[in-house]
Structure formats: structure tokens, C-alpha cells
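Here are a few notes to read with the structure open beside you.

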Amino acid sequence: MRLILMGAPGSGKGTQAEKLMNEYDCHQISTGVLLRQSIESGSDLGHKVQKIMSEGLLVSDDIVLDLIKNQLSEIGDDGFLLDGYPRNISQAKSLKDLLETINKPLDYTILINVPSEILIKRLSGRRTCSLTGKTLNIYFSSQSELDECLSNGGELLQREDDNEDSIIKRIEVYEEQTEPMIDFYRSAELLLTVDGQGPVDEVYLGLKKLMEL
Ligand code: AMP
């Protein structure tokens, strides 16, 4: 399986990618995760991208293309699920060329559709449990899920770019730069769309149904 999960920040790409990866035995490649890891490790790349990411802007196309090339060469012939890449038409074209060169065409691109008022609440409430790494939400997770983290000595951590200014910027960047990719993949007859408004498991069922068609 070779696919792209596309959607606005907060649409649930990462969460759904993890579930798909566990069930379908393919690799999740998330440029956002890779970039955050480079910041945490204090690498040169991390220093280069930290400010841009905290402002909610896109890092340069060359940087993310290098990350993707490395990851694809590491996974060999296994399937992959791209989460957060590509994010503009130029990246989509580079990916197309790259996949043609290595003879691994995409099966499809799945767009997870969520209205922007829901996105803002999801992003501003998003937290990660410092003990388990589980993604929680102060507005949507049950009190017992939040307590499970806190009562075991964990902290609810917030991503640096999940602050109000950056959230608004990221949604704007999505609308201006990423949304045009919808037509790009529709014209290539690779686009499938799923409603991403419901609970995680419901969206996941919708995704699986699409993939089984
Ligand atoms: P994400 O975890 O996918 O929400 O990405 C977090 C941030 O990483 C984005 O707001 C961008 O600053 C950067 N980023 C992730 N993927 C890309 C990409 N494909 N192109 C450019 N910047 C990216």
C-alpha cells in the first residue's frame, strides 16, 4: 500500500496514519514528526527549521524532499503512508517524479475533510501525555483519560506550534498552499475523500471502507 493522507492541521492525519500503519503493516512517514525530532536532537537541520515551524510556516521544499528521499530508501520495497507531505503543488510534483524514478506509484491520496471551526478546537486543546506519548485533548478526551496520565505523574505537553497565532497561520497556509493539491490529485484520478468530523474510530472505519472499495 502506498498512499498519502492529506488534510488540514488537526484533521487527524497522524492519528489515522498510526492506526492504518498498525493494521496494514506499512511505514508512516511524517515530515512534521521528522522535523520535530531534528529540533529535539539539536541538529543543524533542527536549528534551521525551529523558528519557521513555530510560526506555522512551511520549511523549504528541498529540506522535506531530502527527508522523504532518505525515508523511502530506508524502507525498501515496503508500503508507506505519507502524513504531512506533500504540502504544496511543487512538492506534489517532486514526489511524482521521485516515485516514477523508483517505480513505486501511489495507490491513492485520501483527503480527510474537517471544517475549520473544529480544527481550531482540536489544535488548541491537543496535548501529549509525557509518559505514554498518547495524544489527548483537553476538550474532547474523557476526564478519566486525562487523569490516567496526570495521576501517574505524567504531564500534558503542548506542541510549540499549537498556540493561537500559529494555529491560525497553519490553517491559512493549508488553504492557500495545500488545498490546491486537491485538484492535482483529482485530475490524476487518485483522490478519495473521507469525512473527518466524527470520533477517531468512526473516521477510521470510513477510511477502511474507502480503501476496500
Ligand atoms: P505537522 O506535524 O504535519 O502539522 O507539521 C508541523 C510543521 O512542520 C508545519 O507547520 C511545517 O512548519 C513543517 N512541515 C511539516 N511537513 C512539511 C512539508 N511537507 N513542507 C513544509 N513544511 C512542513
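Predicted model: local features only at pLDDT ≥ 70, side-chain atom pairs only at ≥ 80, totals over all residues.

1. Cys-129 and Cys-149 are linked, with 2.3 Å between their sulfur atoms. That falls within the 2.5 Å cut-off for a disulfide, and the count by this rule comes to one. If you look along the link of Cys-129 and Cys-149, you will find it right-handed, with 90° about the S-S bond.

2. What does the link tie together? Cys-129 sits in strand β5 (residues 126-129) and Cys-149 in helix α7 (residues 143-151), so the bond joins parts that are 20 residues apart in sequence.

3. Are these cysteines buried or exposed? Cys-129 has a relative accessibility of 3%, and because buried means under 20%, Cys-129 counts as buried. Cys-149 is buried too, with a relative accessible area of 4%. While you are looking at cysteines, Cys-26 is also worth a click: at 6% relative accessibility, Cys-26 counts as buried.

4. Next, the sheet. Five strands make an open sheet in the order β2-β3-β1-β4-β8, and the pairing is parallel. Its edge strands are β2 (27-30) and β8 (191-195), each of which pairs on one side only. From one strand to the next, the twist averages 25°.

5. How many residues surround the ligand? There are 16, and the closest are Thr-31, Arg-36, Leu-57, Gly-84 and Gln-91. Which helix gives the most to this shell? Helix α2 (residues 31-40) does, with four residues.

6. A backbone N or O atom of Leu-57 lies 2.5 Å from an oxygen atom of the ligand. Val-59 also takes part through its backbone, where a polar atom is 3.1 Å from a nitrogen atom of the ligand. With Arg-87 the side chain is involved: one of its N or O atoms is 3.0 Å from an oxygen atom of the ligand. As for cover, the ligand taken alone exposes 480 Å², and the protein buries 96% of that.

Note on methods:
Residues numbered from 1 in each chain as written. Heavy atoms only, no water. Helix = DSSP H or I, 4+ residues; strand = E, 2+ residues; numbered from the N terminus. Buried < 20%, exposed > 50% of the residue type's maximum accessible area, 1.4 Å probe, protein only. Pairing = 2+ DSSP bridges. Axes fitted to C-alpha atoms, helices over the stretch in contact; angles between N-to-C directions. Near = heavy atom within 4 Å. Polar contact = N/O pair within 3.5 Å; in protein donor to acceptor, adjacent residues only side chain to side chain. Areas by Shrake-Rupley, 256 points an atom, 1.4 Å probe, with all protein chains shown as cover.
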